[in-house]
Amino acid sequence: MFEQQKAEPKTPPCPMCASQMILKQIHRQRPADHLIFKCGNCAIEYPVVAKNGG
């Protein structure tokens, strides 16, 4: 029927320059989601694996 919406994940600070990261992509997989973040300042991208429920 309806797919349950997940809460927007927290965006971590950039590991290079500490600027605010933005969520670029979400790869829905089980048992976790793979989130791709991008820095608006230095333009690096990196993946984060989110555990179930958070």
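Q: Quick one to start: does alanine 18 count as buried or exposed, and at what relative accessibility?
A: Alanine 18 counts as exposed, with a relative accessibility of 58%. Keep in mind that this is a predicted model.

Q: Where is alanine 18 found?
A: In the segment before strand 1.

Q: Let's step back. How many helices and strands does the protein come to?
A: Zero helices and three strands. Along the sequence the pattern reads β-β-β.

Q: How much of the protein do buried residues make up?
A: Buried residues are 19% of the 54 residues. The accessible surface is about 4,500 Å², and carbon and sulfur atoms hold 55% of that.

Q: What share of the contacts comes from residues 24 or more positions apart?
A: Such pairs account for 23%, counting contacts with a separation of 6 or more.

Q: Which residues make up the largest nonpolar core?
A: There are five: Cys14, Met21, Leu35, Phe37 and Cys39. Strand 2, residues 33–39, gives the most to this core, with three residues. As general background, nonpolar side chains tend to be buried together in soluble globular proteins.

Q: Why does phenylalanine 37 count as buried?
A: The cut-off for buried is under 20% relative accessible area. Phenylalanine 37 has a relative accessibility of 1%, so it counts as buried.

Q: On to aromatics. How many aromatic pairs does the count come to?
A: One aromatic pair. The partners are phenylalanine 37 and tyrosine 46, with ring centres 6.4 Å apart and planes at 40°, so the pair is tilted.

Q: Which residues is proline 12 in contact with, leaving aside its neighbours within four places in sequence?
A: Proline 12 is in contact with Met21, Phe37 and Tyr46. Proline 12 has its place in the segment before strand 1. Between proline 12 and leucine 23, 11 residues apart in sequence, the C-alpha to C-alpha distance is 9.4 Å.

Q: Now the cysteines. How many disulfides does the count come to?
A: Zero disulfides. Cysteine 17 is in none, and the nearest cysteine sulfur, in cysteine 39, is 3.6 Å away.

Q: How exposed is cysteine 17, by relative accessible area?
A: Cysteine 17 is partly exposed, at 31%. Cysteine 42 is partly exposed as well, with a relative accessible area of 33%.

Q: What are the relative accessible areas of glutamate 45 and lysine 24?
A: Glutamate 45 has 40% and is partly exposed. Lysine 24 is partly exposed, with 44%.

Q: Last topic, serine 19. Where is serine 19 found?
A: Serine 19 is in the segment before strand 1. Its relative accessible area is 22%, so serine 19 is partly exposed.

Q: Which residues is serine 19 in contact with, leaving aside its neighbours within four places in sequence?
A: The contacts of serine 19 are Pro13, Cys14, Cys39 and Asn41.

Q: And what separates the C-alpha atoms of serine 19 and asparagine 41?
A: They are separated by 6.6 Å, with the two residues 22 apart along the chain.

Technical notes. Residues are numbered from 1 along each chain as its sequence is written. This is a predicted model: local features need pLDDT of at least 70, side-chain atom pairs count only at pLDDT 80 or more; totals for chains, interfaces and linings use all residues. Side-chain values use heavy atoms; hydrogens and water are left out. Rings of Phe, Tyr and Trp (its six-membered ring) pair if their centres lie within 6.5 Å; planes under 30 degrees apart count as stacked, over 60 as edge-to-face and the rest as tilted. Buried means under 20% relative accessible area, exposed over 50%, partly exposed in between (1.4 Å probe, protein chains only). Helices (H or I, at least four residues) and strands (E, at least two) are DSSP runs, numbered from the N terminus. Contact means heavy atoms within 4.5 Å. Accessible areas come from the Shrake-Rupley method with a 1.4 Å probe; for residues, only the protein chains shown count as cover. A disulfide is a pair of cysteine sulfur atoms within 2.5 Å. A nonpolar core is a set of buried Ala, Val, Leu, Ile, Met, Phe, Trp, Tyr and Cys residues joined through side-chain atoms within 4.5 Å.
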